[in-house]
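Dear colleague,

My notes on what was found in it follow.

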Amino acid sequence: MKRLFLCFAKVAAVLLFVLGMHSFTFAQRTVTGTVKEAGTGEPLIGANVLIRGTSTGTITDVDGNFSLEVPEGSNVLEISYTGFGTEVFTLDGANNIEVVLTAGKLLEEVVVTGYGTQRQKEITSAVASIKAEDFNKGSITSPAQLLQGKVPGLIIAKPNGDPNGGFNIRLRGLSTVGGNTEPLIIIDGVPGASLNTVDPMDIETMDVLRDGSAAAIYGTRGSNGVILITTKKGKEGRTVVDYNGIASVESLAKAPSVMTAAEYKKAGGIDQGSSTDWFDVITRSALQQQHNLSLSGGARGMGYRVSFNYKDIQGIQLNTGFKQLNGRVSLSQKALNDKLNIGFDLAATNRKQDINFRDAFRYATYFNPTAPVYNAANTVNGGYFEPGGFDYFNPLAIVEQNSNTGEFTNVLATIRGEYEFIKDLKLNVAYTYGRDNGHSQQYFSKQSQYGTGLGRNGLATQNTGFNLNDYLSTTLKYNFNTIGVDWSVLGGYDYQKFTGEGFAVSGGNFLTDFFTSYNLGAGLDFPRGLGSVNSGKSSNKLIAFFGRITANINDTWFANATVRREGSSRFGANNKWGVFPAVSAGVNLTKLFDLGPVNNLKFRIGYGVTGANINQDYLSLFRFGPTGNFYYNGAYVPSYGPVSNPNPDLKWEKKGETNVGLEFGIWDYKLTGSIDVFNRKVNDLLYNFPVPVPPNPFGRTWANVGELTSSGLEALVNLNDLKFGQLKYTPSLNATFYLNNELVSLSEGDLKFGSGGILDLAGVGSPGQNNYTMIRVAEGEKIGQIYGPVFDGVDENGNPKFKDLNKDGKVESAGADREVLGNGLPNLTLGLNNTLSLGDWSLNFFLRGAFGHSLVNQYRVFYEDYNAGSIKNYNRILTKLSDTKIKNAQYSSIHVEKADFLRLDNMQIGYNLPVKGAFSKAFIYLASNNLFTITDYTGIDPEVRFVDDEDVIPNPLAPGIDRRSNYFTTRSFSLGLNLGF
């Protein structure tokens, strides 16, 4: 409770401090005015009035009136209203103004695209632009959360509550089987930058290039889409200080339903004399705090913004969480009669993580509920109750006896210059240096039953590494008008080099736990040849030449063409370079026809070719490396041999994508939205094929073979500013229908995929089910098929029976008698955002859902049976699907569940406090994340599992498996405060 009090006290202290500063007033004046709609003269209720370059502002009342305290030196207001765009008004001494907004100015808004910007009305590809005011609300610790559920076709999933875990990001389904599956991230023009270098509170906009014609300008990295992040910058005007603080309490949202101590004893479990809720033992109410302080402003020709961010995030599992400090500086300066614009960005992040071991949740699920936590007589295991047994460990001992931590530092610095030779002819040169340093350690105590700490007499591991990113980008752009057409021509050159180094050492047999992993030389494993040391360095380069031309004919006809020629050192000697073209066009039909209440109807079509790079360096080369160890002369000595086969023809995957879209605005833009239909075809898939030895020196070869297709439909509908008296309501719904995602082929000549074009993946696991798999990937069929035997009752001994599917008189539950039981990928996703405002009050809540996918509930697979031997020591899962007649566990159709869900992802209610004097804004709010989930799935979380993360490298061909090693999901409640002065 003390820590909880301190978290909220910090936010409250800032509020009291600012309120106490009323006596320290700056020179300012009161500006009043009215905002009306052009044509009708009707007042616009809830229009945003903002002092330019600040976050200070207000909204209009029911009569369209506003009153705003404007500090000395501020002379420009920005007035915006959904569906009307933004109007800039220069005061020039005026204290009472009237602003008229025209419907449709939304089309003039600028959207970030590849290597530049375009007006919304000129875009001919599928591009989504999300601004800061539309981001998800509540306790946000990662930039990925801001977009979750907001963009059609973009799924951002995190099926656990691990504060140190990442998000799976998938755009328009799977488009590769062997390359990177996630979109390319670009931060302020720097491709491949780490999301850890930017704090969510520093982001201005996030733009998503969804189709091939938009992403083709990024060549070999554009197949999975592109997310462009633009950070906040300083603007001309007085210095503005903004503070954002949030204090949160996070708790366990849901745990598996298991037997209580009384139920367990009644079912025949061994009574150890206690009653223990193991979930309660290893979890806590996690206290979290986030603070953001920014300083921004500028004079004529100069702008600056400096921000500092601090996060202290506890996880609900004991000894998990992170502390992060982030700083960002952005400077801009004009010179040479404003022809030269110089910019500098610097971002640095330090993050210290307590990762611990999420396996504790698994063992808390089935550890004996009558067992005590401690056993003072058990000095071998440090006084914890540890009865032994297969895969059976005290959950609290896992958490408290062992450590798993990391510290990571990211630095990203960019300097750029833009020079305008003549009007609208601009040269832009930018250089970026990025460095990511990481260090992690694990230590398993000499007394730990878990992690072989006891067996190895203590086991320590240290990992250190860094990655460098050198990036040079040059573009020349010319805008001009000729023959009645507005043209924009862009040419550019990119050079990017990535370098990585790593060092890892592991060993055991220590005299004491005191030093944990920080005195590896004391481990007796090393002089005996039992320790391990690994190190490595790798690098790769990308070089590209690219161009783009756009045309605008009378704001009616639009066209866009791009081409990128790119080379990668990762590819084979015969295929270093590739060409990626794209073309798109659009027409505003309302300029050609009188469509009545339709204000805007733009039809567009595009086609683009993008690529997918491989994830590792040197895969096209014949490599020789360590393959194992052998015992010689009293020590273990490493042996060496081939580790990859050469393939000089290895190249990028190529994805051709067609997109047809329709954008609309109706009834003075009260109703807006878009519909997109896409079709993708990926050729030359990258895959690591098994090959015979000899003639090959190594048993697997990377090659380009096969074809993958996918298609879908995306829809976005906005109802803008519905008015009910003084209440304003703006709902926004997006939905994506995934029509097909098929592996057409993945075999050619001697390169064979699986057996006869079929590959079974994702082993069920132990105990007792290692011979069974859950996923089937087959040529000519959909990706994500969950496969297995069909349950057909229980025999007299409690063994599950299965259907004889091939009618041959015998049942082969691990062989021929299996069928498709579901699919791990959804066929429909949707997001519904709701914004309401009434005077100074505002309410925002966001619903997100996924439908059509299934999950293998592994907790039920292993711990739902009522085997008399198992139940003596292992607790059992209790669900509405449990069958007490089943005495022996075996994976089948009864463990595959429909996982459709609708979730209230976040909700925020806030109030604009009346302020004066030094203050320009004070907004206080309450927020919550993951309030409820509507689903029939009996597991912890019905969220989509895009990959099987049981593998060392998560496998995108094996979605839909809810493994037992997940960190449980969470729910949070927050108090936040935004201040401007």
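**Cores and packing**

Leaving aside residues up to four places away in sequence, Ile775 touches Leu759, Asp760, Leu761, Ala762, Gln785, Ile786, Tyr787, Leu957, Ala958, Pro959 and Ile961. Please bear in mind throughout that this is a predicted model.

Ile775 belongs to the largest nonpolar core, which has 77 residues. Together with Tyr687, Leu746, Met774, Tyr891 and Leu957, Ile775 touches the most other members of that core. The element that gives the most to this core is helix α6 (residues 359–366), with five residues. Apart from it lies another core, of 41 residues, which includes Val112, Ala128, Val151 and Ile217. As general background, nonpolar side chains in soluble globular proteins tend to be buried together.

Eight of the eight residues of α6 are buried, so the helix is largely enclosed by the rest of the structure. The buried residues are Asp359, Ala360, Phe361, Arg362, Tyr363, Ala364, Thr365 and Tyr366. Their cover includes α5 (278–282), α7 (395–401) and α8 (858–863).

Strands β21 (340–354) and β23 (425–444) are the elements that give two or more residues to the patch.

**Strand pairing**

An open sheet of five strands has mixed pairing and the order β10-β15-β16-β13-β14. Its edges are β10 (127–131) and β14 (190–191); each has a single partner strand, so one side of each is left without a neighbour in the sheet. Within this sheet, β13 (residues 184–187) and β16 (residues 226–231) run parallel and are joined by four bridges. Leu184 stands opposite Val226 in β16.

With β18 (residues 286–298), β17 runs antiparallel over twelve bridges, and Val249 stands opposite Leu287 in β18. With β53 (residues 970–980), β17 pairs in the antiparallel sense over eleven bridges, and Asn244 stands opposite Asn978 in β53.

**Salt bridges**

The count comes to 42 salt bridges.

- Arg416 forms a salt bridge with Asp345, with the closest N and O atoms 2.7 Å apart. This pair links distant parts of the chain, Arg416 in strand β22 (residues 403–422) and Asp345 in strand β21, 71 residues apart. Arg416 is partly exposed, at a relative accessible area of 23%, whereas Asp345 is buried, at 6%.
- Arg570 forms a salt bridge with Asp617, with the closest N and O atoms 2.6 Å apart. Arg570 lies in the loop between β27 (557–568) and β28 (577–588) and Asp617 in the loop between β29 (598–612) and β30 (623–632), so the pair ties together parts that are 47 residues apart in sequence. Arg570 is buried, with a relative accessible area of 15%, and Asp617 is buried as well, with 10%.
- Glu663 and Lys602 meet through their side chains in a salt bridge (3.5 Å, N to O). Glu663 lies in strand β32 (residues 653–666) and Lys602 in strand β29, so the pair ties together parts that are 61 residues apart in sequence. Both Glu663 and Lys602 are buried.

Glu663 and Lys602 also belong to a network of salt bridges that links them with Arg172, Arg210, Arg604, Lys655, Glu657, Asp676, Arg680 and Glu714.

**Backbone details**

A cis peptide bond joins Pro694 and Pro695, with omega about 10 degrees. Pro695 is found in the loop between β34 (686–690) and β35 (700–704). Another cis peptide bond joins Ser766 and Pro767, with omega about 10 degrees, and Pro767 has its place in the loop between β39 (758–765) and β40 (769–778).

Asn337 has a positive phi, near 60 degrees, and is found in the loop between β20 (321–335) and β21. At 79% relative accessibility, Asn337 counts as exposed. Thr452 also has a phi near 60 degrees; this residue is in the loop between β23 and β24 (459–482) and counts as partly exposed, at 45% relative accessibility.

With kind regards

How values were computed: Residues numbered from 1 in each chain as written. Predicted model: local features only at pLDDT ≥ 70, side-chain atom pairs only at ≥ 80, totals over all residues. Heavy atoms only, no water. Core = buried A, V, L, I, M, F, W, Y, C linked by side-chain atoms within 4.5 Å. Buried < 20%, exposed > 50% of the residue type's maximum accessible area, 1.4 Å probe, protein only. Contact = heavy atoms within 4.5 Å. Pairing = 2+ DSSP bridges. Salt bridge = Lys/Arg side-chain N within 4 Å of Asp/Glu carboxyl O.
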